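User: Please go through the labels used for this model and set each one against its cut-off.

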Amino acid sequence: MNVAKLRGIISERGMSQKSVAQAIGMSEKTFYLKMKKGVFGTDEVEKMVRLLDIENPAEIFLSKK
């Protein structure tokens, strides 16, 4: 997963990691841990793709960075 790219998109959309966590129904702590590990469940990925209007999710969530 390309965490840096996801962080950039979150910032571009004028959101914070905390606000994304809340919007997808996750605690802030859990979100930060998942960002650190670079692992999200498919349901969480789907919610973020919709919330952040990500055009090419494979670049972020299927990246080996």
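User: Which residues is Val45 in contact with, leaving aside its neighbours within four places in sequence?
Analyst: Val45 is in contact with Phe40 and Phe61, where contact means heavy atoms within 4.5 Å. This is a predicted model: local features need pLDDT of at least 70, side-chain atom pairs count only at pLDDT 80 or more, and totals for chains, interfaces and linings use all residues. Residues are numbered from 1 along each chain as its sequence is written, and side-chain values use heavy atoms, with hydrogens and water left out.

User: Why is Val45 called buried?
Analyst: Its relative accessible area is 15%. Buried means under 20%, exposed over 50% and partly exposed in between, with a 1.4 Å probe and protein chains only, so Val45 counts as buried. Val45 is in helix H4; helices (H or I, at least four residues) are DSSP runs, numbered from the N terminus.

User: What puts the buried residues of H4 on the same side?
Analyst: In H4 (residues 42–52), the residues Glu44, Val45, Met48, Val49 and Leu52 are buried. They cover an arc of only 135 degrees around the axis, which puts them on the same side of H4; the arc is that of the directions from the helix axis to the C-beta atoms. The buried residues of H4 pack against helix H1 (3–12), H2, helix H3 (28–37) and helix H5 (57–61). Thr42 and Arg50 are exposed residues on the face of H4 turned away from its buried side.

User: What makes Arg50 and Glu46 a salt bridge?
Analyst: A salt bridge is a side-chain nitrogen of Lys or Arg within 4 Å of a carboxyl oxygen of Asp or Glu. For Arg50 and Glu46 the N to O value is 3.8 Å, so the pair qualifies. Being four residues apart in helix H4, Arg50 and Glu46 are separated by about one helical turn. Arg50 is exposed at 62% relative accessible area, while Glu46 is partly exposed at 46%.

User: How many salt bridges does the structure hold, and which one involves Lys34?
Analyst: There are four salt bridges in the structure. Lys34 forms one with Glu44, the closest N and O atoms being 3.2 Å apart. Lys34 counts as partly exposed at 22%, whereas Glu44 counts as buried at 14%.

User: Why is the aromatic pair of Phe31 and Phe40 called tilted?
Analyst: A search of the whole structure finds one aromatic pair. Phe31 and Phe40 are 5.4 Å apart, centre to centre, with 50 degrees between the planes. Rings of Phe, Tyr and Trp (its six-membered ring) pair if their centres lie within 6.5 Å; planes under 30 degrees apart count as stacked, over 60 as edge-to-face and the rest as tilted. The angle of 50 degrees therefore makes this pair tilted. Phe31 is buried at 0% relative accessibility, and Phe40 is buried at 12%.

User: Which residues touch the most other members of the largest nonpolar core?
Analyst: Of its 19 residues, Leu6, Phe31, Phe40, Met48, Leu52, Ile54 and Phe61 do. Such a core is a set of buried Ala, Val, Leu, Ile, Met, Phe, Trp, Tyr and Cys residues joined through side-chain atoms within 4.5 Å. H1, H2, H3, H4 and H5 are the elements that give two or more residues to this core.
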